[in-house]
Amino acid sequence: MKNRKILITGGAGFIGSHTVRHFVTNYPGCKIVNLDKLTYAGNLENLTDIEGENNYSFIKGDINDKELLDQLFKNFRFDVIIHLAAESHVDRSISGPDEFVKTNILGTVSLLNTALRFWGKNFEGKLFYHISTDEVYGSLDNEGLFTESTPYDPRSPYSASKASSDHLVRAYRHTYGLPVVISNCSNNYGPNQFPEKLIPLAINNIKNNIPVPVYGKGENVRDWLFVTDHASAIDLICREGKPGETYNVGGGNEWRNIDLVKLLCRIMDKKLNRTPGESEKLISFVKDRAGHDLRYAIDFGKIKKELGWEPSVDFRKGLEITVDWYLNNNRWLDRVCSGEYRQYYNQQYSKR
Ligand code: NAD
Ligand code: TYD
């Protein structure tokens, strides 16, 4: 890709920061603008290694700020929008859905409107790429996989807000001809993930010798993908994805939560020189999440067949990299675990 002006929203978050790094590093001839509100989940420390690059700019701002969007589109004349900005944690959506509606639904509409206004009717070389989740498809029982034609059945305020934004993105293509593409990905893991999600939360708690909360009986199943594999899928879809299409992205890597947490405990026993079985004693079964989806699993056959993408990072290797990163980045972890995090953690887990 050459000479493209690319807006990435939510680029200071977990997946966003890996995506920004991927594009800044691989496409020196492109201009990458990262627009991020820096909510509790956004962290510029995720990007210190590339912040000085000539082809990169950071703008602090809200995707709901229409004047700012106008100004940015005027200044940078974007060709491509990769839209990741979102409220992303299911538990937070259960205790406070409003912010999810504001950012995930209204924020997406505000971006769509701005793109439509600035691109006019000449969509040549333009792309609005919306990053979504497999959670829009609902919950599976023990059989089957989500495909691109699985009917939407979102069941948490988070997944309902993402489903709503997906529908709006498709409606802008159908109604106005906007060139859009959507990908729906399974659970990501890796360095820089905020420790409210299962894997970094468990690593942090094991490290600090505090109970590791497992919801219900730990029987829920998720499909896990290493975050840089998601970034490479985003790159490929951006270059070769067909406007109007949807691509499911997944790891082909299903784990019951309890098995995953036990594996993490074993890895950390070794890394921390603990006696085998010591970390596992920290596992604490707590009250289940309201409306907890039983199983997510992705069929990524379409992107594999049409674009040649598949996951490249072996799960055990990916977990080792992730654990090492959290053990070696105490400053990052201590900083994000102060203030608002403590308050969130106490509220979320004290009643369980
Ligand atoms: P994250 O919570 O780590 O990061 C979200 C980023 O968006 C943060 O930097 C935050 O500051 C920014 N943001 C929030 N509200 C904003 C607003 N109003 N304006 C501008 N910026 C705002 O999330 P993530 O896990 O990196 O997820 C990124 C995207 O990928 C989301 O759209 C999410 O739905 C999707 N997704 C995530 C996963 C996963 O496993 N984490 C899986 C599939 C899809
Ligand atoms: P999470 O990382 O929040 O991702 P999602 O809900 O979007 O899949 O949770 C992954 C799984 O782990 C999910 O089944 C809920 C469970 N879970 C726990 O058992 N304990 C926890 O403390 C958290 C945060 C999640």
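Here is a chat about a predicted model and its two ligands.

Biologist: Let's start with ligand 1. How many residues surround ligand 1, and which are the closest?

Modeller: In this predicted model, ligand 1 has 30 residues around it. The closest are Ile15, Asp36, Ser88, Tyr158 and Lys162.

Biologist: You mention Ser88. How far is a polar side-chain atom of Ser88 from an oxygen atom of ligand 1?

Modeller: That distance is 2.7 Å. Backbone atoms take part as well: a backbone N or O atom of Asn188 lies 2.9 Å from an oxygen atom of ligand 1, and a polar backbone atom of Ile63 is 3.0 Å from a nitrogen atom of ligand 1.

Biologist: And what share of ligand 1 does the protein bury?

Modeller: The protein buries 97% of the 840 Å² that ligand 1 exposes when taken alone.

Biologist: Nice. On to ligand 2: which residues are the closest there?

Modeller: For ligand 2 they are Glu135, Arg222, Arg289, His292 and Tyr349, out of 19 residues that surround this ligand.

Biologist: What does His292 do at close range?

Modeller: A polar atom in the His292 side chain sits 2.7 Å from an oxygen atom of ligand 2. The side chain of Asn257 also has an N or O atom 2.9 Å from an oxygen atom of ligand 2. On its own, ligand 2 has 510 Å² of accessible area, and the protein covers 98% of that.

Biologist: Which element gives the largest share of the shell around ligand 2?

Modeller: That is β8, with 3 residues. The elements giving two or more residues are α3 (90-95), α6 (198-207) and β8 (212-215). Sorted by class, the shell around ligand 2 has 8 nonpolar, 6 charged and 5 polar residues.

Biologist: New topic: strand β4. Are its residues buried or exposed?

Modeller: Val80, Ile81, Ile82 and His83 are all buried. Val80 and Ile82 point one way from the strand, while Ile81 and His83 point the other way.

Biologist: Which strands does β4 pair with?

Modeller: One is β1 (residues 5-9), in the parallel sense over 4 bridges, where Leu7 stands opposite Ile81. Another is β5, which runs parallel to β4 and is joined to it by 4 bridges. There, Ile82 has Tyr129 as its bridge partner.

Notes. Residues are numbered from 1 along each chain as its sequence is written. Chains are lettered from A and ligands numbered from 1 in the order in which they are written. This is a predicted model: local features need pLDDT of at least 70, side-chain atom pairs count only at pLDDT 80 or more; totals for chains, interfaces and linings use all residues. Side-chain values use heavy atoms; hydrogens and water are left out. A residue is near a molecule or strand if one of its heavy atoms lies within 4 Å of it. A polar contact is a pair of N or O atoms within 3.5 Å; within protein, one must be able to donate a hydrogen and the other to accept it, and residues adjacent in sequence count only if both atoms are side-chain atoms. Accessible areas come from the Shrake-Rupley method with a 1.4 Å probe; for residues, only the protein chains shown count as cover. Ala, Val, Leu, Ile, Met, Phe, Trp, Tyr, Cys and Pro count as nonpolar, Asp, Glu, Lys and Arg as charged, and the others, Gly among them, as polar. Buried means under 20% relative accessible area, exposed over 50%, partly exposed in between (1.4 Å probe, protein chains only). Two strands pair if DSSP finds at least two bridges between them.
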